[in-house]
Each structure stands twice: as C-alpha cells, then as structure tokens.
Amino acid sequence: DDITKETNKRLAKVTNIAKLSNLVMLMHGWYIKNGHVKTDREAALIKSYLKDHDPGPISKDFGLTEKAYYYQIFVWYNYNLLDFEECYSFAKKWVDIFKDSKKFPSRDVNLLFRGYHYLLTAAFNLNKIKAYELHLAEIEKLRKEEYSHFNKNTQIISFLYVHNGRLNKYILKKDFEGGLAVIPKTLRRISRYRANLDNHRILVLYYKIAWIYLMANQADQAIKYLHRIINTKMENLRQDIQGYSRLAFLMAHYDAKNFELFDYLIRDVMSFLKTVEEESEMQRLTLTFFRKVNNIPIAERKDLMRKFLVNLKMTKKKKHEVRGFLYLDIISWLEKNLNNP
C-alpha cells in the first residue's frame, strides 16, 4: 500500500511537471511564431488561450521544478503581452525559489540561468538600471564561481546570457564607448561555440554589437554586422530582427554618408516588410523620413529630424507600437545626430 501511494504521488508530480512544461513551450512557441502582440485581437487570443489551458493556482506541494515552470508560464505570457512589470515580477519569483533552495546553485543551474535572463530582459525593457546591474552582477558571480562544474551545454548557456547581459548593460546606460571594450571577447566566444549555436542567437548578439558600434559613431563597423544579419537565411524563425536590422542599416549608411545607396536600400526595406507582412507605424514613419531626408539640402535635414522625433515620441505612446521601439531605439539615434555639430 505504501509503495502504491508513493508511486501514485510521484506519477502525479511527473504528470504535473509535463503539463506545466508543455504550457511553457506553448507560450514560448507563441512568441517564436508571432512575436509580441500587435493588436487587441492578438492580445485577446493569447488571454483566451491561457484561460483554456489554465494551470490553476500554485500549490504548496509544488517542488522547485514545478514552481519554476509555473512562473515561467507567466513570464512568457506577460512578455508576449508587453506587460514587463508582471514579467519582471514572475521572473524574480522564478530566480528567488532557486536562491531559497538548500541545493542552490547546483539544482538545475540551466533553468536558473534562464530565469536570470528573463529577469534581466524585463529590467532592461523597464529601464530599471540599478536592478539590472544588481541582477547582472549576481549572474556574473554565479558563472565565475561555478564555471569549473559546468558541462559544455551549461557553459554555452551561461555565455549567451551573461554576454547578452553585458552588451545590454552598456546599451541601457547609453555608455556605447564603454561597450566597445566588451565586444572582442563576445566575438571570440561566438567563434568558439558557433557550431553549437543556432543562427537566431548569433544574430541577436550581432544586432546588439552593431547597435553599440552605430551609437559609438563607428558606422562602418555597424554596417559590417548588420550586413551579416540581413544576409542570413532565417528559415522558419521570425524575421523581425532582419526587418529592424534593415532600418538600422539605413541609419548606419546615413551616418557613413553613403547617400547614393538610399534609393536601393529603401526599396529593399519596403520589399522585405511587404514579404513578411510586417509594418508598424514606426517603420512607416522611418521609411518616409529617409525618403525625404536624402532629397533636401543638408542645412534643412536637422529640421526634418526634429519633426520626425516629435512624431516618433507621439507614436511610442500608442499601446501596440511599443514593441518596435524595444527592437530599434531610433529616438536615441536621432538625438545623437541632432546633438552632433
């Protein structure tokens, strides 16, 4: 009888872990397929989806893995909805259950690293600079102290999340000159692990590297990495990073004064966005700006930039336009150009 009871208890736990894990993958899959919600209809669909697959309240009988999966469901759910405050809250709960564990940090360290990654991502999107630096210091310390015990898979995961975190720290603080110093080490790690990385993860790092170069007034270097992104076949993955890379490509060529390429580049961006059926108001305003700016006297360009900046700030306030500004901080780029002599 005791064995039967214990077997049923363990079977119920395994079944619940599978249920929660599947719901995590479904929420993550939504993002891979659709990205952040773009309309009220999409928001309603994902809310309805969670309601139909309701995991119920968290139970006091949940083990660490069950709790981590439970919180992960709501991290992805709120991330999809662009509710970064709730995303941050659930990511912190996810990390804290590991911190409170007597087996910390050895218990499923990969799951802990993922928790830190989403905690940092939410803090970044909320512009929580102090919290971001605190969490980054924690994950850096964990990696340094435990690295000798990591298998290759954990080494790669820790590299991705720590190096992504480092690059984002300089972007968040707008310390682009400081960010230049960390790029060579990240590129060496990409080279070391390239055979074990999918294209999307590499391109995300390239995108951040390109942005640091662009904002540090090294447009030629930015063009180099943006070109790699644009010319990589994305297969079945979302292609929004390539859409925003094309806009950043325009910005980099503007800074490099390659104005003779603009007509071709603008046509390329328009064609790509039409192909993937992805075009936001921010993207339309950006294309309109670049079509105009190349055809007016240099002395009038800053006036056009100021008008564009006003329009962008108004657009950013719209609920479903926020996501575009998370991918491409064009406002900072405009302010940089307006402040340059």
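1. A salt bridge here is a side-chain nitrogen of Lys or Arg within 4 Å of a carboxyl oxygen of Asp or Glu. By that rule, a search of the whole structure turns up 15 salt bridges.

2. A quick word on the source: this is a predicted model, where local features need pLDDT of at least 70, side-chain atom pairs count only at pLDDT 80 or more, and totals for chains, interfaces and linings use all residues. Residues are numbered from 1 along each chain as its sequence is written, and side-chain values use heavy atoms, with hydrogens and water left out.

3. Take Asp268 and Arg246, whose side chains form a salt bridge at 3.1 Å, N to O. This pair links distant parts of the chain, 22 residues apart: Asp268 sits in helix α13 (residues 262–275) and Arg246 in helix α12 (residues 240–255). Helices here are DSSP runs (H or I, at least four residues), numbered from the N terminus.

4. How accessible are those two? Asp268 is partly exposed at 26% relative accessible area, while Arg246 is buried at 9%. (Buried is under 20% relative accessible area, exposed over 50%, partly exposed in between, using a 1.4 Å probe and protein chains only.)

5. Lys141 pairs with Glu145 at 2.9 Å, N to O; both lie in α6 (residues 129–146), four residues apart, about one turn of the helix. Glu145 is partly exposed, with 48% relative accessibility.

6. Likewise, Asp303 and Arg306 meet in a salt bridge at 3.0 Å, N to O. Both belong to α15 (residues 301–316), three residues apart. Asp303 is partly exposed at 44%, as is Arg306 at 43%.

Definitions and conventions
Helices (H or I, at least four residues) and strands (E, at least two) are DSSP runs, numbered from the N terminus.
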